[in-house]
Amino acid sequence: MTAVHFGAGNIGRGFVGFLLGRAGYELVFADVNAELIGALAAADSYRVHEVGAESQTHEVSGFRAIDSSADAGAVAREIAAAEIVTTAVGPNILRFIAPHIVAGLRERPADAPRLAVLACENAIGATDLLVEQMRALVSADEWDALAARAIFANTAVDRIVPVQDPGAGLDVTVETYFEWAIESGPFGDGRPEIPGVTWVERLEPYIERKLFTVNTGHATTAYVGRRAGYSEISEAIVAPEVRERVLAALRETKELLVREHGFDPDEQEAYLQRILVRFENPHLTDTLQRVGRQPLRKLSRHERFIEPASRLAALGVQPTGLLAAIDALLAFDVADDPESVELQRLRTELAPAEFVERTTGITDGEPLFAELVAVVAGSASA
């Protein structure tokens with residue numbers, strides 16, 4: 001069995017690729033980073049260090065590596081013969097992955113088993129987004145033929161992968177906890193055997209629970225903690241003034257998740273508290289500056305702050321904690337992060353109302369608009 005994984009970075013090696021290797025797949029890593037691909041091609045194995053309450057080390061072997069920018073033909077041939085294709089490249093990069101999968105499906109025999117395609121990204125409906133990018137590359141008739149050779153399923157992934165030691169080489173340090181949920185419907189009775197995967201009928205609640213708890217909490221810790229003078233996640237989250245703000249934001253997202261998806265309040269509270277314990281893990285050295293990078297993406301319409309805040313506002317709930325987190329985000333000013341530089345430029349050049357519409361997608365007349373304008377105006381005068 002072969003699995004082609006796009007993205008040979010820390011998440012690819014330490015989470016998705018790691019689990020596929022444990023499931024018995026021969027791994028083929030595809031990436032545009034020639035140096036990384038060269039190191040993988042020259043290595044027989046690498047180690048995954050799980051750190052936490054039950055730390056352990058695993059060795060991953062039986063993999064190959066392809067520079068997808070230099071040898072697209074080899075990537076297509078691997079996809080044509082594979083059982084599964086996964087990605088961990090970031091939602092904005094999926095458009096560059098789409099041509100490779102289209103090319104692989106073109107070469108795939110029509111009578112071969114259907115190829116499982118799973119985009120493992122921090123985004124709602126990432127596989128659907130990948131399908132849209134693929135569909136745009138071919139005619140309607142060809143798409144019908146190619147789609148018949150594949151199974152497309154959305155996923156939700158959750159594992160904290162901190163900043164790595166510069167001398168670690170290919171080895172990856174990750175937390176012991178992980179969750180990989182995959183929607184079961186597209187597979188029918190033919191699900192691939194991947195130990196550790198949670199199969200669910202409806203994926204959206206699990207994606208939103210993760211995005212609005214783990215990602216919202218992580219980013220809130222970063223922005224509030226950095227403004228309070230801290231430098232690392234594990235030290236910031238135990239500081240009372242930071243933890244109080246993080247809890248305020250997550251109690252609001254908890255209310256949304258309970259109302260809209262029917263999660264049991266006690267179970268969601270336990271999930272929330274478990275997330276905070278994960279942030280406290282002293283073995284996961286992660287800086288607030290790294291977690292807070294790309295603030296404009298995190299401030300966008302369907303991301304971890306604006307999406308839950310706007311839906312709560314539509315329900316008549318004032319998202320005070322989330323607005324406070326957004327206020328802290330606006331103060332994120334890091335010279336070597338292009339989005340941070342752009343954020344500060346927009347804050348300076350645009351009126352608050354225009355800034356809100358440009359960056360968040362919330363427009364005048366929506367319930368959250370006035371509150372967001374007030375936050376931006378207040379931050380500008382601070």
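Helices here are DSSP runs of H or I with at least four residues, numbered from the N terminus. One of them is helix α8, which spans residues 233-236 and holds Glu-235. Welcome to this structure, which is a predicted model.

- Helix α3 covers residues 72-81 and helix α4 covers residues 94-107; the two pack at an angle of about 55°, and their axes are 7 Å apart.
- Because of that angle, α3 and α4 count as oblique to each other.
- The two helices, α3 and α4, cross in a right-handed way.
- On the α3 side, the contact is made by Ala-72, Val-75, Ala-76, Arg-77, Ile-79 and Ala-80, while α4 brings His-100, Ile-101, Ala-103, Gly-104, Leu-105 and Glu-107.
- Sorted by class, the residues where α3 meets α4 are 8 nonpolar, 2 polar and 2 charged.
- Take a look at Ile-101, which sits in helix α4.
- With a relative accessible area of 0%, Ile-101 is buried, because buried means under 20%.
- Setting aside residues up to four places away in sequence, Ile-101 touches Phe-6, Ile-79, Val-85, Val-117, Leu-130 and Met-134.

**Helices α7 and α10**

- Helix α7 (residues 204-227) packs with helix α10 (residues 265-280) at an angle of about 40°, and their axes lie 11 Å apart.
- That angle makes α7 oblique to α10.
- The crossing of α7 and α10 is right-handed.
- From α7, the residues that meet the other helix are Arg-209, Lys-210, Thr-213, Val-214, Gly-217, His-218 and Thr-221; from α10 they are Gln-268, Tyr-271, Leu-272, Ile-275, Arg-278 and Phe-279.
- The contact of α7 with α10 is made up of 5 nonpolar, 5 polar and 3 charged residues.

**Lys-254 in helix α9**

- Lys-254 belongs to helix α9, which runs over residues 240-261.
- Is this lysine, Lys-254, buried or exposed? Its relative accessibility is 16%, so Lys-254 counts as buried, given that the cut-off for buried is under 20%.
- The side chains of Lys-254 and Glu-269 are joined by a polar contact of 3.0 Å.
- Not counting residues up to four places away in sequence, Lys-254 touches Pro-265, Gln-268, Glu-269 and Leu-272.

- Helix α15 takes in residues 338-349 and helix α16 residues 352-360; they pack at an angle of about 150°, with 9 Å between their axes.
- How are α15 and α16 oriented relative to each other? They are roughly antiparallel, because angles over 145 degrees count that way.
- The crossing of α15 with α16 is right-handed.
- Leu-343, Leu-346 and Arg-347 of α15 make the contact with Phe-355, Arg-358 and Thr-359 of α16.
- In this contact of α15 with α16 there are 3 nonpolar, 1 polar and 2 charged residues.
- Ser-340 is also found in helix α15.
- Ser-340 has a relative accessible area of 0% and is buried.
- A polar atom of the Ser-340 side chain lies 2.7 Å from the backbone nitrogen of Val-334.
- Apart from neighbours within four places in sequence, Ser-340 is in contact with Pro-295, Phe-332, Asp-333 and Val-334.

- Back in helix α8, Glu-235 has a relative accessible area of 33% and is partly exposed.
- A polar atom of the Glu-235 side chain lies 3.1 Å from the backbone nitrogen of Glu-232.
- Glu-235 and Thr-363 are 128 residues apart in sequence, and from C-alpha to C-alpha they are 37 Å apart in space.
- Where does Gln-294 sit? Gln-294 is in the loop between α11 (288-292) and α12 (295-298).
- The phi angle of Gln-294 is near 60°, a positive value in a residue other than glycine.
- At 32% relative accessibility, Gln-294 counts as partly exposed.

Note on methods:
Residues numbered from 1 in each chain as written. Predicted model: local features only at pLDDT ≥ 70, side-chain atom pairs only at ≥ 80, totals over all residues. Heavy atoms only, no water. Buried < 20%, exposed > 50% of the residue type's maximum accessible area, 1.4 Å probe, protein only. Polar contact = N/O pair within 3.5 Å; in protein donor to acceptor, adjacent residues only side chain to side chain. Axes fitted to C-alpha atoms, helices over the stretch in contact; angles between N-to-C directions. Parallel < 35°, antiparallel > 145°, perpendicular 65-115°, else oblique. Left-handed = near helix turned anticlockwise from the far one by under 90°. Contact = heavy atoms within 4.5 Å. Nonpolar A, V, L, I, M, F, W, Y, C, P; charged D, E, K, R; others polar.
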